[in-house]
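Subject: Structure handover

Hello,

Here is the structure I said I would pass on. My notes on what was found in it follow below.

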Amino acid sequence: MSAFEILLLGIALSADAFAVTVSNTFVYARERKRKLILMPVFFGLFQAMMPVLGYFLGNLAAQIIEAYSGIVTLIILGFIGGNMIKEGLEALRSDEEGQMGFEDDGSVKKLRISQLLVQAVATAIDAFAVGFSLRAQDVDLAFAVTVIGLTTFACCIVALFLGRKLGRLLGDRAEVVGGIVLVIIGLKAFLGL
């Protein structure tokens with residue numbers, strides 16, 4: 001596998017993390033920037049770690065994880081996305097324009113580390129199977145996971161900026177759109193698309 005092919009693999013693996021970062025940026029529009037930067041860091045780390053696990057655990061767990069990864073991703077992202085849709089629709093019904101990024105009580109919506117960890121795992125499950133294929137192709141693991149992790153990090157940095165711009169355009173509808181995106185990613189994983 002060439003360096004270019006590994007780069008393309010990194011871009012493909014980062015697609016879900018990119019979309020989740022954009023969605024989170026909608027919902028947590030008023031979150032501090034230093035907390036938002038944790039998204040690219042977490043997503044990049046997990047996209048790099050999962051192939052390592054797949055590389056070393058290979059046959060042992062690859063079939064099990066591959067068999068259930070779609071349903072696990074759907075459950076996790078479906079639950080988070082469903083909550084976002086529900087909260088976004090409630091905000092729209094209350095006719096409170098300009099409240100994006102705030103809780104019902106007026107406090108700023110906070111991105112929890114635990115939520116970010118769950119999202120990072122959910123978006124990186126497919127990278128586990130990639131680790132098994134890296135082993136089968138006798139690829140330099142350190143180089144491959146570095147490229148995958150850095151590519152995901154870079155894509156998520158772009159997603160932060162894009163999410164801010166789109167969030168401003170969508171206003172209160174941003175949370176509903178973000179939730180729909182997460183549910184679609186979960187469905188895509190479940191259907192194996």
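The accessible surface of the chain comes to about 9900 Å², and 68% of that surface belongs to carbon and sulfur atoms. Areas of this kind come from the Shrake-Rupley method with a 1.4 Å probe, and for residues only the protein chains shown count as cover.

Please note that this is a predicted model, in which local features need pLDDT of at least 70 and side-chain atom pairs count only at pLDDT 80 or more, while totals for chains, interfaces and linings use all residues. Residues are numbered from 1 along each chain as its sequence is written, and side-chain values use heavy atoms, with hydrogens and water left out.

Overall picture

The chain has six helices and zero strands, in the order α-α-α-α-α-α from the N terminus. Helices (H or I, at least four residues) and strands (E, at least two) are DSSP runs, numbered from the N terminus. Of the 193 residues in the chain, 45% are buried; buried means under 20% relative accessible area, exposed over 50%, and partly exposed in between (1.4 Å probe, protein chains only). Among contacts (heavy atoms within 4.5 Å) between residues at least 6 apart in sequence, 92% join residues at least 24 apart.

Helices α1 and α4

The axes of helix α1 (residues 3-27) and α4 come within 10 Å and cross at roughly 175 degrees. Axes are lines fitted to C-alpha atoms, for helices over the stretch in contact, and angles run from 0 to 180 degrees between N-to-C directions. The two helices, α1 and α4, are therefore roughly antiparallel, a term used for angles over 145 degrees.

Thr 123

Thr 123 lies in helix α4 (residues 113-136). Thr 123 counts as buried because its relative accessibility is 1%. Leaving out residues up to four places away in sequence, Thr 123 touches Leu 13, Asp 16, Ala 17, Val 20, Phe 43 and Gln 47. The side chain of Thr 123 also reaches the backbone oxygen of Ala 120 at 3.2 Å.

Ala 154

Ala 154 sits in helix α5 (residues 141-170) and, at 38% relative accessibility, counts as partly exposed. Its C-alpha atom is separated by 7.3 Å from that of Pro 40, although Ala 154 and Pro 40 are 114 residues apart along the chain.

Regards

Key:
A polar contact is a pair of N or O atoms within 3.5 Å; within protein, one must be able to donate a hydrogen and the other to accept it, and residues adjacent in sequence count only if both atoms are side-chain atoms. Angles under 35 degrees count as roughly parallel, over 145 as roughly antiparallel, 65 to 115 as roughly perpendicular and the rest as oblique.
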